[in-house]
Amino acid sequence: MTLDTGRSAPVFDPYSHAMHDDPYPSYARLRAEDPVHYNSEHGFWLFTKWDDCHAAFRDFKTYSSINGPALEADQSANAGYPMFINMDPPNHTRIRKLLSGLMVPQRIKSLEDYTRKKAIALLEPMLASGEMDVIKDFSAILPMDVISTMIHVPESEQADVRTWADDLIYREDGQFGLTDRNVKAYFKIAAYFDELAKSLAHKPYDPDDMFSCVLRAEKDGKMTHDDVIGFGILLAVAGNETTTKLIGNMAYRLWQYPEQRQRLLDHPERIGDAVEETLRFDGSSQLIGRTVMQDVEVRGKKLKKGDRVGLCIVSASRDEDRYDNADVYDVFRGERNHMAFGTGIHSCLGAALARLEVRVCFEELLKRIPHYDIDTSRADRTHNPNVRGYTTLPIRFTQT
């Protein structure tokens, strides 16, 4: 990569809508010129290299999760309901141990048939029209529906929960901090899961039911009622939004690179590898916030206790020092050593479910719609520094 050494120092603002369309050239420049970057306007650091992000994920004593994954230094995650992604050991260990048993491989595998039937049911009615919105008609519905089978959100109420989740993460251009829209959405989701938990509290215990297990943990004194509400919020947002956006990102990249799409049409058994490559190349989780708990020096830069740091996952996953041809989208690459789901004690508990959902979606979508065009004039993005993806992605196709 050739650098224009006469240019000014790189500046990166994850709150700028203009940056959301294609942040990757900016990430590349930061990796090359300023891999431990300080944003003086908002007061946070940004790590863009693989080694630095990986080390920070592993060192929870220096880089703490207690203030949540957002970069906003003035918004304490502890002001809301407790979520184990906003905890460090021992509290994190206690809650994660309780929840990890709910996401074991056999439980996730049992959801494959349901996910496939739902994907088919969503796709089939669209085929005759020759057009659909990958997000609104498909990916926004399926992950929420699958999650809802685990936490008892009725189909008639799923659209409301999705809307609140969208409103919670949305950021206006240049917005730093939370707006009334964000705050109101948060409390709407919280109130919903408060009522849902209370309505299910007296039902018989079912060890195969996720929400039943969480409520049993509350009854046994292993979780508080606020923990249960936080669990619901986490599933509604993290378990839904990131998968929704990942499906859209993969649909876009397979359109952008038709030769890669053809490789999958010829070898559909490799779709799982393509999911991994999309997670690496254009994952929906862009960066994760951490709080510095003790003074530390990284690449000659001195970070102070209390500083905020953004671990830029997607930049790390395009690090030229880590991957050959890092900026090439290769659906057969299939490497799972990316950090799209984090790493260390905070690696995503729902990673296996997300992988299953996206794989099944494209097995069924490409079977029915092998060739499609995206109407980019009508495509629209969500705007959030942590999550990148589309809110609308209209496609046209000829039924085969």
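A: Start with the terms. On a 1 Å grid over the protein atoms alone, a pocket is an open set of points with protein on both sides within 12 Å along at least five of seven lines, while a cavity is a set of points where a 1.4 Å probe fits but cannot get out; lining residues have an atom within 4 Å of a point. This is a predicted model: local features need pLDDT of at least 70, side-chain atom pairs count only at pLDDT 80 or more, and totals for chains, interfaces and linings use all residues. Residues are numbered from 1 along each chain as its sequence is written, and side-chain values use heavy atoms, without hydrogens and water.

Q: Which residues lie nearest the centre of the second largest pocket?
A: They are Leu-200, Lys-203, Pro-204, Tyr-205 and Ser-212, from a lining of 14 residues. Helix 11 (residues 210-219) gives the most, with 5 residues. Helices here are DSSP runs of H or I, at least four residues, and strands are runs of E, at least two, numbered from the N terminus.

Q: How much space lies in the second largest pocket?
A: A volume is the space filled by probe spheres set on the grid points, which are joined across faces, edges and corners. For the second largest pocket, that is about 250 Å³.

Q: How many cavities of 30 Å³ or more are there?
A: Rolling a probe the size of a water molecule over the atoms shows where empty space is left. The count here is 2 cavities. The largest cavity holds about 70 Å³. Its lining includes Phe-12, His-20, Gln-286 and Arg-388.

Q: What lines the second largest cavity?
A: The second largest cavity holds about 40 Å³. Among its lining residues are Pro-82, Met-83, Phe-84, Asp-227 and Phe-231. Helix 4 and helix 12 (225-256) each give two or more residues to this lining. Helix 12 has the largest share, 3 residues.

Q: Where is Pro-90 found?
A: Look in the loop between strand 3 (63-64) and helix 4 (91-100). The peptide bond from Pro-89 to Pro-90 is cis, with omega near 10 degrees.

Q: Is Asn-325 buried or exposed?
A: Buried means under 20% relative accessible area, exposed over 50%, partly exposed in between (1.4 Å probe, protein chains only). Asn-325 counts as exposed because its relative accessibility is 58%. Asn-325 also has a positive phi of about 50 degrees, although it is not a glycine.

Q: What about Arg-299?
A: Arg-299 is partly exposed, at 46%. Its phi is near 50 degrees.
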